[in-house]
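Subject: Handover of a structure

Dear colleague,

Please find below the structure for your records.

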Amino acid sequence: MSDDHHDHKPTGLGRWLFSTNHKDIGTMYLWFSFIMLFIGGGMAMIIRAELYQPGMQLVDPDFFNQMTTLHGLIMVFGVIMPAFVGFANWLVPMMIGAPDMALPRMNNMSFWILPFAFGTLLSTLFMEGSAPNFGWTFYAPLSTTYGPASTDYFIFGVHLMGISSIMGSINVIVTILNMRAPGMTLMKMPIFVWTWLITAFLLIAVMPVLAGVVTMMLTDRNFGTSFFEAAGGGDPVMFQHVFWFFGHPEVYIMILPSFGIISQIIPTFARKKLFGYSSMVYATASIAILSFIVWAHHMYTVGMPLAGELFFMLATMLIAVPTGVKVFNWTATMWKGSLTFETPMLFSVAFIILFTIGGFSGLMMSITPVDFQYHDTYFIVAHFHYVLVTGALFAIFAGAYYWLPKWTGNMYDETLGKVHFWISLVSVNVLFFPMHFLGLAGMPRRIPDYALQFTDFNQMASIGAFVFGGIQLLFLYIVIKCIRGGEKATDQVWEGAEGLEFEQLPSPAPFHSFTQAPEVK
Amino acid sequence: MSTNDGYYIPEPSKWPIIASLTLFVTVFGAVNTIHGTSFGMPILMIGLISVLAMMYGWFSTVVAESPSYNGQVDVSFRMGMMWFILSEVMFFAAFFGALFYARVLVMPWLGGAGNNAMTHEVLWPTFEAVWPILTNPDNTAFVAPKEAMGAWGLPAINTLLLLTSSVTLTIAHHALRKGERAKLNLWMIVTLALGVAFLVLQVVEYMHAYDDAMGLTLASGIYGSTFFMLTGFHGFHVTIGGIMIAVMLVRCLKGHFTADNHFAFEAAAWYWHFVDVVWLGLFIFVYIL
């Protein structure tokens, strides 16, 4: 097959609908994620507006529950995951010296399932009865016996997302294992590629389990089975076990690619090699393996034999070790580096500090007896927003600023980028830090109303939320401005940038990355 | 790892987005069928037929293009199929996990084990914690079966059928590699026949189970739930595998495949062995133990 044959871009709508190009598909993933960010974020604004003061102001409790449920589902499955798949699409072929993904048509199908899946999910808002209102964890019996009729749409929507994720991750694994340029051995791969290899493995292992558990829900709801019904010999707690067997690896699916992005950015702006490359790889693998044996730390209070509580507590604490290795390595990479603080680096440094705060609150909750107090309070809300917003989402921002010049050929507006960073940094902490105190003081999560003594911290959080939500419009503006023009980026983009995408490809990168395999030393 | 002799990148294709659309139509039809909407079943049927038509079209395109594929594409396909089978393994793992959890932990607890003495005493005193469960905790809401499904009747025969079909498929594969086309076709027919026989016996077994004398249904408590979901999804996968085998048979009869280039055949064979292995797990954990 001749190379120049593929050089021309397809035109019109067909370019996107029928695409077999990793960059176009990556772009669609990223825009999809961006749109979902504003939809899911809008729901968060409704939640924070209602919680601005005690009492019922804006929405009724059932709608509030629908908002918390859909906000969680959209942010997890519609924002963070597709954004990382978008990064994988754009970057993995460029980083390993390949022309494209290994299975480009399946790649396109993985993406195009998503609009249908989320269309299905969002359409439940307009259905009779109500949208799913049982929290993003859809525990039985809330989702089975008491779930609204729209739950069945939600179930099939999850099936579609699962199919999309499984196909997407098969594609990533096969690309990494089969498409590397000669000389690109596994231990020479950029850390971002490593983290995605392991993430894709996790996805293939646990998305089918999610499909299994929603299928059991479906049959419990409609065909008389009793998986989660004690009267028939089942157990609602079994739902939680199967769900969290998926759910905990899922948490790492959302954070491992961020580790990869941060591990690419820190060395560039420290102008040093990444400290402890191989320990980074082993730490990532350890985190992934451990993620399969810690699930029940999400359900300490539900009733479990003491031996179970102990096992899951100790296994969970072990995860702090490889995670600590990573934080240490990032810090050591910066140590005595010639640091500069462009926007990607700012977000990365913030990531290290704030993700570590989220990690420590996680460690606190891993202690079973202590978790009995924290469980289902705003403390857990604070925890997972620190790891997912200032963790995963900040890594996505960092990665976007870092690679946008390579993608578009134009530098983004550095001043606006810094404004975006500083306002986000301050507001996100005003938003989530008080939630720790609310939780410790006993405010439960997922409630539209609260006792008077929680008012001050809730008002702080809400103000932080409005600022943080609003400033993301600036990010949208920065991205659009960068795409439309700006100072031309050099091929290397950043002074200290290394890797095939910066060293061997022009900015913007050609439509199909490497038509001939590059030399990798 | 790739070589320097150029890459293969497929042309843009309309099939992926058609595939997404047909999947959506199918699940939309499925929900509406479940909800008893009048248009549910027709839409579900349209969805399923269009999924099949889409697969025919997509795979035909790939078959037509396959002479231009290089070794790297072949390896990608092989890896893709292997990882897909791993995901299927994990799907079954969820249901096996549910079976083990319900049987090993939930059942004794409902019977009063651990710190659950009062659960048993106050809520469901008549419940007997013996697997297979013949008295459910609430035996009016979920009517337990009168007897359990034995292992050594139809299920044992089915085990033999599936194991044999894996052997016959391997014989066919060896024949293909040696270029003995008549032998290939013969053993493919035998394999398909064994697969169909398995499915027929499975239907007979289900009819027997649903018969009033036995009363083992989806709704007869956790035993029936795990029994039918595990064997049902397995049967569904045998059906998919059977369709694959049938398509491969047709392609063999048409003279497709060469002795050293027949990935589609091998992928179908891997899938068939996979459903075979799952069945062995089922036979042991659902029927015998």
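Leaving aside its neighbours within four places in sequence, which residues is A:Lys326 in contact with? They are A:Phe259, A:Met280 and A:Ala283, where two residues count as in contact if their C-beta atoms, placed from the backbone, lie within 7 Å.

Before the details, a note on conventions. This is a predicted model, in which local features need pLDDT of at least 70 and side-chain atom pairs count only at pLDDT 80 or more, while totals for chains, interfaces and linings use all residues. Residues are numbered from 1 along each chain as its sequence is written, and chains are lettered from A and ligands numbered from 1 in the order in which they are written.

Confidence. The mean pLDDT of chain A (the predictor's confidence in each residue, from 0 to 100) is 95, and 98% of its residues reach 70 or more. Over residues 1-6 of chain A, however, pLDDT stays under 50, and the model has 7 contacts beyond four places in sequence for them.

Helix α10 of chain A. A:Lys326 is found in this helix, which covers residues 320-334; helices are DSSP runs (H or I, at least four residues), numbered from the N terminus. The 15 residues of α10(A) reach 21 Å from first C-alpha to last, close to the 21 Å expected at 1.5 Å a residue (1.5 Å times one less than the number of residues). A:Lys326 is buried, with 23 other C-beta atoms within 10 Å; a residue is buried if 20 or more other C-beta atoms, placed from the backbone, lie within 10 Å of its own. A:Thr323, A:Asn329, A:Trp330 and A:Thr333 are also buried in α10(A). Seen down the helix axis, the buried residues fall within an arc of 115°, so they line one face of α10(A); the arc is that of the directions from the axis to the C-beta atoms. Their cover includes α7, α8 (277-290) and α11 (343-366) of chain A. A:Lys336, whose phi is positive, near 60°, follows α10(A).

Interface. In chain A, 67 residues are in contact with 61 residues of chain B. On the chain A side, α5(A) gives the largest share, 12 residues. That side divides into 41 nonpolar, 20 polar and 6 charged residues (Ala, Val, Leu, Ile, Met, Phe, Trp, Tyr, Cys and Pro count as nonpolar, Asp, Glu, Lys and Arg as charged, and the others, Gly among them, as polar).

How values were computed
Helix = DSSP H or I, 4+ residues; strand = E, 2+ residues; numbered from the N terminus. Buried ≥ 20, exposed ≤ 12 C-beta atoms within 10 Å, placed from the backbone.
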